[in-house]
Amino acid sequence: MIPLPARVLAARRACLPAARAALFTMLAAMGPAHAALPAAVDGAPMPSLAPMLERVTPSVVNISALGENREAVGYATRGQGGRQQSSGSGVIVDAAQGYVLTNHHVVRGAQSIKVSLQDGRSLAATVLGSDPDTDIAVLRIQAGGLQALPLSDSSDLRVGDFVVAIGDPFGLGQSATSGIVSALDRSSLRAAGYQNFIQTDASINPGNSGGALVNLRGELVGINTMIYTPSGGNVGIGFAIPSNLVGEVMGQLLRHGRVTRGSLGLDVLDISPRVVRQLGYAPGTTGVAVARVVDGTPAQRAGVQARDIIVAMDGKPIQSTQQLRNAEGLLPVGKEVRLTVQRAGKRQDVALRIERERDEKLHGGSLDPRLNGVEFSEMPRAQRLQGNDGVFVSATFPGRGPAAAHLRRGDIVVGLNQRPVGRLDGLRALLSELEGQPLSLTVLRGRTMMGLQLR
């Protein structure tokens, strides 16, 4: 820095008092300062979500669930003499009947549930039905003067639409956050269950579970359910269950107390380079390979055949077995669907109707003599919801075969020859591929992973 001459510095110091006086004179002439936004811009009122929120927020409630040693999932808890109290949110969807929607995980295992309204009332609630696979629960409260927020048509949503999330994060009290729809039809997340989420960057935090996701007209388009976060806090990736799916699940819970899921009757395989080579598909083939069509099922009656490739369901591309199973599990029993299959290089559409899912059991000896004496079944829903994949050992007869001598009822087969096993159809398909080869089972017993070699 070059130093200024002393006479220049002296002249500048002499000017400072006069400059300050001129500045204060100018500010006084301008009048008092105003930090608030103007009431109008170019003659039009300032945009605000306040009028919509004033209509909607009385329908959103706080839910407090008390139970024995409950595990908290995405909401606040505190111990009370061996008991735990969990907090979440809910939405009144029928004022006359007192129906309140929330998440299954908010009320799971609760012995008592309290619903707190915006007007200060606290009411006891009963669970009318709960579906862990979609994380939806329906409660009922008895009170007058309720205000409901009916479900709207979530199929009208588009990426980029503005939405508002309303709930009770961290037990701080009701609050609202805004954002956009970031994506639709999100699935294949780490959480178990059937997934068809709305993704939003509107802040969703622990305690928001079960709260409302509304559009700018104040219409309920989803029920907030979970966040994706590496740190435990909001990072702008939240998920809500679409109102159309919520409505279907709620209807079944109110009619039957549970949700009945359907099946197409297909055993399928992901298309890998190995499957392409073994089944003679063209390089670059995409979709899901049909390994087996179960007798007497909708798929068999519709003419689906083994070695067909499923490329779409109702016009939506299918690229993995998980995606197909997810789409299948979200469809109600009796729903007609259209499968697009590829056979001998040509595509065709087949129509079939979803039928009730069978409680299937598989006798290992019918697939491989080394598995004689072992009965397999699908993983119980409770364990699937904890993120566990595999095939459940439902019974063993130790004297009938080498596998039966080592396996126990309750074991879970999670792998076969270092390849994952998720469902019965996967076990069936892999055993067909590995016919005549040595078998290496990966088995989960309690919290212990073990291997079993069969030759």
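Predicted model: local features only at pLDDT ≥ 70, side-chain atom pairs only at ≥ 80, totals over all residues.
1. Pro132 and Asn103 are separated by 29 residues in sequence. In space, the C-alpha atoms of Pro132 and Asn103 are 8.6 Å apart.

2. The structure as a whole contains 10 salt bridges. Three of them are taken up below, among them the pair Arg121 and Asp119.

3. Arg121 and Asp119 are joined through their side chains, with an N to O distance of 3.0 Å. Arg121 is partly exposed because its relative accessibility is 30%. Asp119, at 51%, counts as exposed.

4. A salt bridge also links Asp161 to Arg158, where the closest N and O atoms are 3.9 Å apart; the criterion is within 4 Å. Asp161 has a relative accessibility of 21% and therefore counts as partly exposed. Arg158 is exposed, at 58%.

5. Glu219 pairs with Arg217 in a salt bridge, at 3.3 Å from N to O. The relative accessible area of Glu219 is 29%, which means that Glu219 is partly exposed. For Arg217 the value is 60%, so Arg217 is exposed.

Terms used:
Residues numbered from 1 in each chain as written. Heavy atoms only, no water. Buried < 20%, exposed > 50% of the residue type's maximum accessible area, 1.4 Å probe, protein only.
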